[in-house]
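Open the model in your viewer and keep the selection tool at hand. The stops below say what to select next and what is there.

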Amino acid sequence: MPENAKPMNDIRDAQLVARGTDGRLVRRPVSPHIGIYRWPITMVASILNRATGIALSAGSLLLAWWLVAASAGPQDFAIVQGFIASPLGLLMLLGWTASLFYHLYGGIRHLVWDAGHGLAKASLNSVTWAVIALSLVSTAGVWVAGYMLTAGAQ
Amino acid sequence: MAASMNTKAKAEQVTVMRSQLGRVRGLGAARAGSHHWKAERLTAIALVPLTVWFVIAVLSHLGADQPAIARWAATPWNAALLLALVAMTFHHMHLGLQVVWEDYIHVSKRREAAILATRGACLLLGLMAAVAVLKLATASHI
């Protein structure tokens with residue numbers, strides 16, 4: 001048994017046991033071994049799609065709170081609006097906007113793949129970069145538009 | 001009487017030496033294998049226009065007070081789109097989080113518990129948001 005190894009609970013664990021160059025039993029690294037791997041952009045994009053999905057799940061609490069507060073009346077609505085306008089609220093809203101756009105464009109990319117298009121290596125990389133660029137531009141665009149709209153109102 | 005019912009119930013219990021696989025083999029697919037995959041994508045397709053609409057709606061109501069938001073949400077069209085957004089968001093959310101738990105939780109009891117808890121939380125949050133939208137849509141003070 002390798003040092004610090006847990007007892008085998010799963011038959012598949014047997015496939016992960018190997019001998020190192022010094023002859024000792026080691027646990028094989030699981031692929032993709034992200035510690036020594038040069039991250040392809042498609043891998044980064046895939047991880048980002050999941051991460052933004054989880055972030056949006058947290059953000060959906062804000063959506064639910066906002067709707068409930070709006071239905072409860074002016075006082076409750078002022079509380080949630082006050083939170084959103086606070087530094088923490090604005091930071092969360094910025095993260096939510098960026099996640100939303102990334103997950104939106106990344107999701108469309110996945111839908112196109114699911115339809116069987118755009119799977120050649122060259123287009124994979126260029127489309128992935130386009131998704132990242134487009135989500136950054138959209139996030140910036142929405143915040144600039146929002147800033148100009150609120151600045152104009154005041 | 002009770003004794004005869006008891007023997008009758010026992011007589012109906014038949015033990016057949018067949019595996020689970022043997023029982024279903026030859027009956028065809030349950031037609032449910034791709035349900036999760038398909039539902040995740042269909043909700044995603046619905047969320048594309050709904051999300052764009054919601055971002056534009058929020059942008060055009062920045063700084064608006066509660067009565068203005070309530071008036072906006074009370075329009076049948078906006079209320080319907082908000083309900084659709086809420087339903088699709090929380091359905092898509094639970095489908096997506098389920099895949100995350102399936103990938104990273106390797107103890108089956110914990111995994112099933114996490115999936116069920118997520119499903120319950122998404123259902124309750126979605127229902128709560130939907131009730132809020134309906135309350136806004138049917139408010140009498142407008």
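Start with helix H6 of chain B: the cover over its buried residues includes H1 of chain A together with H4 and H5 of chain B. Helices here are DSSP runs (H or I, at least four residues), as strands are (E, at least two), numbered from the N terminus. This is a predicted model, in which local features need pLDDT of at least 70, side-chain atom pairs count only at pLDDT 80 or more, and totals for chains, interfaces and linings use all residues. Residues are numbered from 1 along each chain as its sequence is written, and chains are lettered from A and ligands numbered from 1 in the order in which they are written.

Now select the buried residues of H6(B): Cys122(B), Leu125(B), Gly126(B), Ala129(B), Ala132(B), Val133(B) and Leu136(B). A residue is buried if 20 or more other C-beta atoms lie within 10 Å of its own, exposed if 12 or fewer, and partly exposed in between, with C-beta atoms placed from the backbone. H6(B) has 30 residues and reaches 43 Å from its first C-alpha to its last, close to the 44 Å expected at 1.5 Å a residue; the expected span is 1.5 Å times one less than the number of residues.

Which residues does Ala129(B) touch, not counting residues up to four places away in sequence? Select Leu63(A), Ala64(A), Leu67(A), Val68(A) and Val86(B). Contact requires C-beta atoms, placed from the backbone, that lie within 7 Å.

Next, the largest nonpolar core, which has 24 residues; Leu67(A), Ala70(A), Ala73(B), Ala129(B), Ala132(B) and Val133(B) have the most contacts inside it. Such a core is a set of buried Ala, Val, Leu, Ile, Met, Phe, Trp, Tyr and Cys residues joined through C-beta atoms within 7 Å. Two or more of its residues come from each of H1 (41-72) of chain A and H3 (35-59), H4 (66-74), H5 (76-104) and H6 (108-137) of chain B. H5(B) gives the largest share, 7 residues.

Then show both chains: 26 residues of chain A are in contact with 27 residues of chain B. On the chain A side, H1(A) supplies the largest share, 11 residues. That side divides into 16 nonpolar, 8 polar and 2 charged residues. Ala, Val, Leu, Ile, Met, Phe, Trp, Tyr, Cys and Pro count as nonpolar, Asp, Glu, Lys and Arg as charged, and the others, Gly among them, as polar.

Technical notes: Contact = placed C-beta atoms within 7 Å.
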